[in-house]
Amino acid sequence: MPELPGEPLPVPSTADLPPDTVIFNGPVAGDPLGLLGPLKQALSRPGPAVVVSTSGSTGRPKKTVLTTEALTASGRATERATFGPGQWLLCLPSHYVAGVQVLARSVLAGTTPVVMGPGPFTPDGFARAAAGMSHETRYVSVVPTQLQRILDPADAAPHPEAVAALARFDAILVGGSALSPTLAQLTDSAGLALVSTYGMSETCGGCVYNGRPLDAVEIRTVPDDAALDLSHFTSPPSHGPKEGRIWLGGDVVAGGYLEDPRQTGEHFRVIDGRRWYRTDDLGRTNEDGSLSVLGRTDDVINTGGIKVSAGVVTATLASHPGVRQALVVPVPDAEWGQAVAALVVPREGALSDELRAELRDLIRVQHGSAAVPKHWREVSEIPMLATGKPDRQAATRIFR
């Protein structure tokens with residue numbers, strides 16, 4: 001275990017979970033509204049309330065223990081950051097943190113959410129579900145893929161009823177993966193109340209809205225070799241840009257990983273009486289105090305001894321007007337150790353030699369020759385997990 005600041009959180013034990021703890025071990029059978037009663041009961045007393053599995057986007061899923069205190073802090077901070085208590089639309093899996101939060105926030109607000117019908121997400125289904133909402137203040141959590149199917153479908157015009165339904169929401173929380181520049185422009189042009197969120201199961205979902213932490217949250221970007229300097233955490237963040245591993249602190253931080261002392265110790269720390277979550281993401285705190293997420297710590301491709309950020313190259317590819325979606329992953333290479341590989345969903349037509357040459361030049365100019373992908377694959381869509389995050393393991397298998 002690396003040497004880390006502070007002390008680890010106590011490891012949550014199954015024996016210590018209250019009997020009414022809501023435990024998610026996979027997709028929920030039946031109507032998600034049936035979870036409102038158990039969640040209301042669990043949130044009525046202190047301590048562990050929910051156990052939710054992480055998405056497992058890059059490895060083994062972990063069982064994260066969310067306490068009543070953390071879920072309440074998150075829900076109330078979201079209300080303060082938006083327009084107060086309101087009604088939610090559930091169109092994400094209810095066993096992952098974003099779906100759990102729609103239900104938990106509804107319990108805290110005293111409202112009943114509307115649930116999309118079963119099956120794949122469609123603009124028609126979204127519009128029908130949104131039409132069933134009755135509260136004056138309305139919220140929805142989506143992932144970029146769902147927004148794209150409404151605003152930028154591959155083979156059709158934007159869905160007018162679904163676009164109109166989106167416009168009726170007071171806040172549209174978008175998370176799970178990065179929003180492409182093109183999709184961000186489309187949401188802006190449509191006048192949608194978009195809130196780009198950053199967070200994870202371990203912080204009760206999104207806790208940074210449009211680059212700014214919720215009022216119950218603190219952010220630090222600390223290089224790993226400087227983490228033992230407690231002044232990074234006990235003093236106000238210094239002014240000026242600073243890059244490093246993202247640490248998120250505050251009351252929204254979960255209670256640790258169930259029966260997993262190693263992972264709990266590596267990620268959940270108590271420093272000067274405050275809980276901190278040590279993420280697997282790299283970021284930059286900007287001069288204005290906002291956060292820019294730069295990619296995952298394990299998303300660095302070591303190709304011929306040169307380190308390349310897969311996330312940065314992915315964002316550069318997605319910024320090209322001829323690209324709808326992109327994902328960059330490492331693949332084994334006998335000569336280079338690892339090679340940069342790119343999945344591309346072209347906006348129109350195929351991944352032509354001309355488009356590929358433009359993309360190579362764009363990456364070479366911005367990030368250097370080592371960052372230019374050596375392998376390319378055209379796909380109709382990027383493989384995704386149920387949470388809306390890119391499935392990097394599935395993407396890597398495409399190249400094998």
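I started with the aromatic pairs, and a search of the whole structure gave me 7. To pair, rings of Phe, Tyr and Trp (its six-membered ring) need centres within 6.5 Å; planes under 30 degrees apart are stacked, over 60 edge-to-face, and the rest tilted. Housekeeping: this is a predicted model, where local features need pLDDT of at least 70 and side-chain atom pairs count only at pLDDT 80 or more, while totals for chains, interfaces and linings use all residues. Residues are numbered from 1 along each chain as its sequence is written, and side-chain values use heavy atoms, with hydrogens and water left out.

**W88 and Y139.** I looked up this pair next: the ring centres are 5.0 Å apart and the planes sit at 40°, so I noted it as tilted. W88 is in strand 5 (residues 87-90) and Y139 in strand 7 (residues 138-142), so the pair ties together parts 51 residues apart in sequence. Helices (H or I, at least four residues) and strands (E, at least two) are DSSP runs, numbered from the N terminus.

Buried or exposed, I asked of W88? W88 is buried, with a relative accessible area of 3%, and Y139 also counts as buried, at 2%. The cut-offs are under 20% relative accessible area for buried, over 50% for exposed and partly exposed in between (1.4 Å probe, protein chains only).

**F126 and F169.** Here I have centres 6.0 Å apart and planes at 40°, so this pair is tilted. F126 lies in helix 4 (residues 123-131) and F169 in the loop between helix 6 (160-167) and strand 8 (171-174), so the pair ties together parts 43 residues apart in sequence. Both F126 and F169 are buried. I also found F121 in one aromatic cluster with F126 and F169.

**Cavity.** I got 1 cavity of 30 Å³ or more. A cavity is a set of points on a 1 Å grid over the protein atoms alone where a 1.4 Å probe fits but cannot get out, and lining residues have an atom within 4 Å of a point. The volume of the largest cavity is about 50 Å³; a volume is the space filled by probe spheres set on the points, which are joined across faces, edges and corners. W88 and Y139 turn up again among the lining residues, which also include G75, R105 and A109. Helix 2 (68-81) and helix 3 (97-109) are the elements giving two or more residues to this lining, with the largest share, 3 residues, from helix 2.

How values were computed:
1 Å grid on protein atoms, 1.4 Å probe; cavity = no way out; pocket = protein on both sides within 12 Å on 5 of 7 lines; lining within 4 Å.
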